[in-house]
Every structure is written in structure tokens, then in C-alpha cells.
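Here is a walk through one protein structure. Keep the 3D view open and follow along.

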Amino acid sequence: MSGARCRTLYPFSGERHGQGLRFTAGELITLLQVPDGGWWEGEKEDGLRGWFPASYVQLLEKPGMVPPPPGEESQTVILPPGWQSYLSPQGRRYYVNTTTNETTWERPSSSPGISASPGPHRSSLPPTVNGYHASGTPAHPPETAHMSLRKSTGDSQNLGSSSPGKKQSKENTITINCVTFPHPDTMPEQQLLKPTEWSYCDYFWADKKDPQGNGTVAGFELLLQKQLKGKQMQKEMSEFIRERIKIEEEYAKNLAKLSQNSLAAQEEGSLGEAWAQVKKSLADEAEVHLKFSAKLHSEVEKPLMNFRENFKKDMKKCDHHIADLRKQLASRYASVEKARKALTERQRDLEMKTQQLEIKLSNKTEEDIKKARRKSTQAGDDLMRCVDLYNQAQSKWFEEMVTTTLELERLEVERVEMIRQHLCQYTQLRHETDMFNQSTVEPVDQLLRKVDPAKDRELWVREHKTGNIRPVDMEI
């Protein structure tokens, strides 16, 4: 086919295609590849190369067969009914089922579901994580109107393709947020963002059935529930500490009141000194517990209560943001399906008019075919545009999911560490309180050791004696 030439009938900008060839009407182009998908590759006289719609040009020489690229099978290989072979702009051969619009890089065999390609499946798509594209480029190059969104795990499923002949394939696939992936039981282990950790960003992409089994909850919603539950637990811990403070304050109040009691105030001697120290120790202990309660309030309760005051509001914003991205993704998905159906209808219309041309040749029929080709090409362009928008939305959703889940993970680590530190502060304050209490008891203990009944009796006698004359025995 090398050397065949054509003349352009209409101008083509090629702006919406990464490898489009820009030209005006009346230019000459040397054809390089002419697959049957409606897009040809050619070279202008100024040396520029690119792809363009076949319906925009008129052949000046009949094209020959396209030589297969090295390592690929010949185009003369017989394919199963309904399958056609095409070449991508990179020279790779792929196959399209004209009935179901299914695309694959592997040559299909006559047996359904069995690939005849001897080598392993390869994909030119960008890397994926958890089965999601990590870039905003179209999932396929714009070499044909048969566009398909696929992941780089060897899966050859169409995006949203639904045909009766694919029941077996559907059993092995699962749809997550409008994207079709292989079922986890049949796919290889997914690539993780954090292979050495149980990270949020690797395990909360799909939906999960609620405990009652009545519906499903988005994985991201589970993360938000976890965060809000943590906030609630933190609030309850703060309330617990507040109750502890009330107990300390009431205890200190009762100790102070008891220290002012006048019971046994008449006791004298070393025992009286010890008893007075016992009462004084109660007042000291009351003061210690008041300080303990004040520190609990300022260093434990208040920080727990005030930590992330606007947390719930921030989580709500985050939830709305991710939900909006999912809605946008679903909308793009619906647009792709709508454009795919429109393209199928345009292709059928073109085939019907081509058949009419074979039956009866007329100027009117030729004009109808040109119009049908233009409409088919436009439908292909619309589908490519929808696919590109879908991939961009998918990429945006992916990036925001990863960023947000990692942020939620960081916030959870920060929350747990903050609570741990303040509980450690609580135990430290409690230990200090015990030490202060011990210090108030030590003087009492020391005085009790000095209590001497004999000495007290001597002192009392000296203070209260009235004389040293004993009664004498009476003589009878």
C-alpha cells in the first residue's frame, strides 16, 4: 500500500487528536496505513505525518494490502465471524468485534473466550493502582472510532459493554464506580500504593454491604464513619475526665471541711500534736487534689474537647467533594455509552447506504454515503472526546481518593497519638498527686512514732500536780 496517494476533500484540524494530521481541502497525501476502522495514516508533501478520517479524502490510487508489522501475524489470517483486524498508529494490531464492540489486543480464536495469541498479553496503557488509571490520557490511541476503556491487568473488557454473548465474561467481572474490572477471585493480586502497610488508600475503593444487608456503603464513607466515630470517642473520653475532675473537687471539698472539725481538739501531749498533724494533713491533701483537678481540666480535658473543633464540618466538605467526583464519573460514563450507541447507529447507517450503492449506483447515493461517512466520523470524534473526558474524570477521582484517604490516615494517626499523650499526662499527674499525698502523711507518721505514754504522763503530772503528800494508813 506504500505510495498510494489521495486528495483531501474537506479541511481537518486534528486539534482533538494527539496524532491528528492537519490539512486543508485540495492537499495531496501519501498513505502509509489504511486499516478498515475509518482512520488512515498519511504523510503530506511537507513531511508531516498523522492520522485523519478516511471520509475526508478521495483516493487517487487504489491502496494495496498493508504489510503486517514485524512479529505480527498476516492480515490474511481467518478470524471468527464478527471480528475485524486493525493497526494502531504505533503499528500494533488489535481486533474489534463489530457485533458487541468488544476490543482486544489478542487475536480471537474460533472458540469463544479463548485467545489464539501465543505470547502474554501486553498493554500500552499507563500504570494503574487498584485497577484505576493514574493518568488523564485516553485509554486507547485515537486510531479508530471503536474506543474502549481498559485497565492494564490483562483484561480485555469494554467499558460498560453489554451484549447477550458475554454472559461468561460478566461472571468474571465486577463494576466499581462505573468502571469494569476483573473479579477479585480471577485477577492477580492488585498493586498497592503502600505494600508494607495496611493503608487506607489501598482498601477502600469499592462498596461494602451494610450489616443488615439492605444496601451498600461506599468504601470512602466507611473511612468517614471511622473518623467521626473517633471524634465521638474522643468527646466521651473528655466527658469521662470531667467526671473524674468532679470527683476530685468534691473529695477535696470534703477533706477541707473535715480538717476544720473540732472533734478531739482537747487531746494533749505528743498524741495531741500528732492528732493536730492528722487534721492538717487533710487540709494539705485537699489542696493537692484541687491542684490535681485543675491540671486535669487544663492539660487533659480541655485539649481533648477542643482538638479539631471543626472536624465534623471538614469531614462533610470532604464527603461532598468525593461524592461530586463520583457523580461526575458516572455522568462521563453515561456519555461514553451514549456516544458509543450513536457511533454504532452511524456505522449501521453507513453500511446500509454502502449496500445500496452496490445495488444501484447514482449521484444521490454517493452523496448520501459521503454524508454518512462524515456523520460516522463525527460520531467517532464525539466518542473519543467522551472517552477522554471520562479518563480525565477517572484520573481526577483517583488522585483525590488517594490524597484524601492518605490525609484521613494521617489525621487518625495524629488523633490516636494526641490521646495517648494526654492519657500519659493523666497518669503522670495521678502519680504526682500520690507523691504529694504521701508527703502530707509523712509528718503524721513521724509524730506518731514519737508518741510516748510515759513521757506524756510525766509532763501531765508536772503541769497539774497539787502536792507530794500521800495519804497515811489509819491506826485502829
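**Charged pairs and a sheet**

R430 is partly exposed, at a relative accessible area of 29%. This is a predicted model. The side chain of R430 meets that of D434 in a salt bridge, 2.2 Å from N to O. D434 also counts as partly exposed, at 36% relative accessibility. Both residues lie in helix α6, which covers residues 363-450. They sit four residues apart, about one turn of the helix.

How many salt bridges does a search of the whole structure find? The search finds 23. Some join into a network: R308, E407, R410 and E414 are linked this way.

Look next at β1 and β2. These two strands run antiparallel and are joined by three bridges. Take C6 as a landmark: its bridge partner in β2 is I29.

R5 pairs with E45, and their closest N and O atoms are 3.7 Å apart. R5 lies in strand β1 (residues 5-8), while E45 lies in the loop between β3 (39-44) and β4 (49-53), so this pair ties together parts that are 40 residues apart in sequence. How accessible are the two partners? R5 is partly exposed, with a relative accessible area of 26%. E45 is exposed, with a relative accessible area of 64%.

A second pair is E27 and K44, a salt bridge whose closest N and O atoms are 3.5 Å apart. E27 lies in the loop between β1 and β2 (28-33), and K44 lies in strand β3, so the pair ties together parts that are 17 residues apart in sequence. Is K44 buried or exposed? K44 counts as buried, because its relative accessibility is 11% and the cut-off for buried is under 20%. E27 has 22% relative accessibility and counts as partly exposed.

To recap, compare where the partners sit. D434 and R430 share helix α6. R5 in β1 reaches a partner in the loop between β3 and β4. K44 in β3 has its partner in the loop between β1 and β2.

How values were computed. Residues numbered from 1 in each chain as written. Predicted model: local features only at pLDDT ≥ 70, side-chain atom pairs only at ≥ 80, totals over all residues. Heavy atoms only, no water. Salt bridge = Lys/Arg side-chain N within 4 Å of Asp/Glu carboxyl O. Buried < 20%, exposed > 50% of the residue type's maximum accessible area, 1.4 Å probe, protein only. Pairing = 2+ DSSP bridges.
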